[in-house]
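Here's a quick walk through a two-chain model, written for someone who likes to know the cut-offs behind the words. Have a look at the structure first, then read on.

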Amino acid sequence: MKFWEYVLKRVLLFIPVLFGTIILIFLMSRLLPGNPVRLMLGPDAPMSQIIQVTNELGLNKPLYIQLEIFFINFFEGKLGMSFLTYRDVSIDIAQYFPASLEEAIFAILIALLIGIPLGLAAGIKQNKTTDNIARVYAISGISFPNFYIAILLILIFGYYLKILPISGQINPFIPPPQRITGMVVIDSLITGDWPAFVSSIRHIILPAFVLSISPTAQIVRLLRAGIIENKNKPYYLTMLSNGMNIEILNRKYLFKVSFIPTLSILGLLFASIISFAYVVETVFAWPGLGRYIANAVLYTDYNAIVGGTIVIVIIFMVVNFAMDLIYKYFDPRIRYD
Amino acid sequence: MNRKTLYGVIAILVAIIVIVSAIAVISMQPKKTTTTTPITFTIGVTQGTKTLDPAIAMDFTSDVAVNNLYDSLFSVALQNGRTVVVPNVVTSYTVSPDGLNYTLNIRQGILFHDNSTLTAYDVAFSFNRMLTINQGLTYLWSGILTAGNVTALNSTAVRVHLLKPYAPFIATLVNVYVVNEKLVMQHLLFNTTFHFGTYGDYGITWLSSHDAGSGPYTLVYYDPTTKVVFKKFSEYWKGWGSNQPDTAVMEVFTEEASVKMAMESDTIDMTDYTLAISTYEALANVSGIIVKKDPSYNLLHIMMNCKMQPTNNLYVRQAFSYAFDYNTAITKILPGDVQAQGPVVNTMYGHNDSVLTYNFNLTKARELLNKSGYTPSQLSAMNMKIVYVNSLEWEAQIAAMFKYDLAQLGINITLEPLPWMQMVSLTSNYTTEPTFFILSSTAPYPDPSYYLMRYTMNATGYTSAFFYKNQSLSNLIMKAVTTLNNSERLKLYGIIQEDIAYQAPCIWFANDLHKIAYWNYVHGYQFYGVLGKDIYFWNFHIYKNVSSSVVPSSNVSSINYNTVSSSGLASETKFYLNIIKSFFIF
């Protein structure tokens, strides 16, 4: 199979996965307990008011008609009105997704920045102090819930040291930069809005760091395991015994081979950061998609639940696909058969 | 791109991030505000803003936003410690002898934020729009007023024709805000979820995130889940005094711990009223923070299912009312609250002080149970449940205490904490309704009718006394709210309260104490009892980092329970150490 045939096949597979997910989530959201209209209208709303709004929202129609309407809207680029914000869900997603994406990019960069050197050092210096420190970090990073670490960091950096802001994406008194990508750091950089840039960097440090902890731990563990496995292989020992510079050997050969398993999960880690960021987004009042979806579930905001989930599904599909393509770049043995 | 280039790009990106972050962390300390810089004010709230549309807004944060962006027909003020309705956009009114026709005279010289003039046509448009959309607080006029019955007589007078006399009508007008008709009509959308004929969506979509008001502040930035930023409207008709905020921010922190820390670190100037009692107590111990406590319109009660056994029995309901330990509830669980007396909050104008008030009396409860014909073992076998919001600590404590109280009578009930949505879904039918349901409700206007209308035959909301229906009582309530003579109406309100209290459809256990924390440099805060009306930025004067000679002597006009203690920080550390300890324990 040629490369482009493989790409086409994968892209075509997106369609049934996406539609299957939409139908599943659409039906599941309707199974959530509670009448969203009652919640919209409040405790004293008379039945006549509830009936009127239920009809206006089309919630009185059979489920299959509601699904049909959803798909008609979907092909027109609309995801239906959010019961919470009174806007089309696509507008809400366009507003909140960039914040989550920005946060996830920073988190994965931090994870790579810390995880690769630490994993490398731990593998090379197996059972030494460095390795022990790295293992403690890795186990702690996986074990500690991120909301707990978030609160600790808020306490230290926001409350006692007062050097980092504890909530939001930018100082409320600094006008946000002109919206281009929706990512405040990038937008402020593009527009040369330095106060906004500095403020947004200061705001993203804590949430991105908290989100990076678990991926860092996984990178450290995988990379360490890869290094330990490969440094005992004959090719490594042969090159070492032939007097090859150990620095070059580790960097050019050992690291590359050992990094392949890590690379295979990198995409999933990135998608997971976006999908499971709602706790951290809640603690740091970060205006991201995770928080939006969590709110939607709490308030039975049907369209927002379905719309948000579609985005998460697309992220997973695209990232997995992209990682499959990049994988070949690192491992030439891969064939698209 | 070859590998070297790829690594190079990654290395440069990482280096940029590290360097910029380090510079930012080291160099950017929070800036101190001086009087020469614009005066800013930030309130930290625990829930997002649902909409900015005044026809739909009915939750706290939306109400606060609307109250600052728009002008209401009438407003509220404090007179002799009691909340009263005062003119605002409407300067005066006349009412026809039959109580059906109101003529509202509109204030002249009010400008919208686009500098156009507010007229009676805008008022009529706004009121009719609200009635047509039929969401938000429109239920206040259900069966009393329909869309189209509000007409502008000329640019300064509006006529409202009611379907039947409704005495609290003027009081309800504190919830009618005026939108700029011309601006709204420019932003109608068609082919959306809501259709109102030629009016399209009546501007619902646009107004949910835009401002078309004449209030003291204009909208600068709006994100429903994180923050709303307001800017002073310099042409505001009431004018401006010294040190009122130039910019106001409502910042959302969904985690209570984050609000607390933001308050303690002076990141925000004020909290909202939704925090736990322990949090207010901790904040009161921080030097410079004031925790203001006021009696509120919030009535806390346990509703009983009046249509299902055993609580369809009057004696059982009365027995349960005597089996509730009111004193423990208001001293240990909700310190500062006062015991409720009947179905209307004690502080409300028209409250009947001599109404039957239940106390904790197990002997009396046993006598009434004997009269009811039920034995404790029979009642225990009925699998009675008390449901409450699973995230509210105080409700869990009240439920547990009540379970303990009933256990002393030999009756066993089940505690059932649920998410609010699930609780609401149970109330749609009396067969799914639990026996006990903990609820708090606040009047959106200063009149007892709000609390009494839920006992009428037509009431269907989930506060409608859990299917308690009594035709003669319903008739009496309807007679009261249509009686224009004030003293006669108050007399009827009194009789109704006595009747309802005797029937005991609910255990009214407390009148809540409204609590709010703010820094002592914030002056002018007033609590009015009506949801959202107290956070009116125009009332606030901020004296942060200014010379003490320019600061007025007192910033608390009523009760102040604040205690200043240097041990605040120590207790804070202890609080978090305890959290950390508990984490390791569990």
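Predicted model: local features only at pLDDT ≥ 70, side-chain atom pairs only at ≥ 80, totals over all residues.

What share of the 337 residues in chain A is buried? The answer is 46%, where buried means that 20 or more other C-beta atoms lie within 10 Å of a residue's own, exposed means 12 or fewer, and partly exposed is in between, with C-beta atoms placed from the backbone.

## Ground rules

Residues are numbered from 1 along each chain as its sequence is written, while chains are lettered from A and ligands numbered from 1 in the order in which they are written.

## Chain A at a glance

Chain A has 14 helices and zero strands; helices (H or I, at least four residues) and strands (E, at least two) are DSSP runs, numbered from the N terminus. Its C-alpha trace spans about 85 × 60 × 40 Å along the principal axes. Take the chain A contacts between residues at least 6 apart in sequence, and 69% of them join residues at least 24 apart. A contact here means two C-beta atoms, placed from the backbone, within 7 Å.

## A helix pair in chain A

Helix α5 (residues 89-124) and helix α11 (residues 246-275) of chain A have axes that come within 10 Å and cross at roughly 150 degrees. Axes are lines fitted to C-alpha atoms, for helices over the stretch in contact, and angles run from 0 to 180 degrees between N-to-C directions. α5(A) and α11(A) are therefore roughly antiparallel (angles over 145 degrees; under 35 is roughly parallel, 65 to 115 roughly perpendicular and the rest oblique).

By class, the contact has eleven nonpolar, four polar and no charged residues. Nonpolar covers Ala, Val, Leu, Ile, Met, Phe, Trp, Tyr, Cys and Pro, charged covers Asp, Glu, Lys and Arg, and the others, Gly among them, are polar.

## Where the chains meet

Chain B puts 59 residues into the contact and chain A puts in 52. On the chain B side, helix α1 (residues 3-27) gives the most, with seven residues. That side of chain B divides into 26 nonpolar, 26 polar and seven charged residues.

## Sheet and helices in chain B

Chain B has an open antiparallel sheet of four strands in the order β4-β5-β7-β6; strands pair if DSSP finds at least two bridges between them. β4 (90-95) and β6 (150-154) of chain B each have a single partner strand, so one side of each is left without a neighbour in the sheet. The twist averages 25 degrees from one strand to the next. β4(B) and β5 (residues 101-106) of chain B pair over five bridges, and B:Thr94 stands opposite B:Thr103 in β5(B). Helix α3 (residues 120-133) of chain B lies across β5, β6 and β7 (157-161), running at about 175 degrees to β6(B).

Helix α2 (residues 60-69) of chain B has ten of its ten residues buried, so it is largely enclosed by the rest of the structure. Its cover includes β1 (40-45), β8 (217-223), β9 (227-232) and β10 (247-252) of chain B.

Most residues other than glycine have a negative phi, and most peptide bonds are trans. B:Gln309 and B:Pro310 are joined by a cis peptide bond, with omega about -5 degrees. B:Pro310 sits in the loop between β12 (289-304) and α9 (314-322) of chain B.

A:Lys162 has a positive phi near 55 degrees and lies in the loop between α7 (146-160) and α8 (184-191) of chain A. With 14 C-beta neighbours inside 10 Å, A:Lys162 counts as partly exposed. B:Asn115 has a positive phi of about 70 degrees and is found in the loop between β5 and α3 of chain B; with 8 C-beta neighbours inside 10 Å, B:Asn115 counts as exposed.
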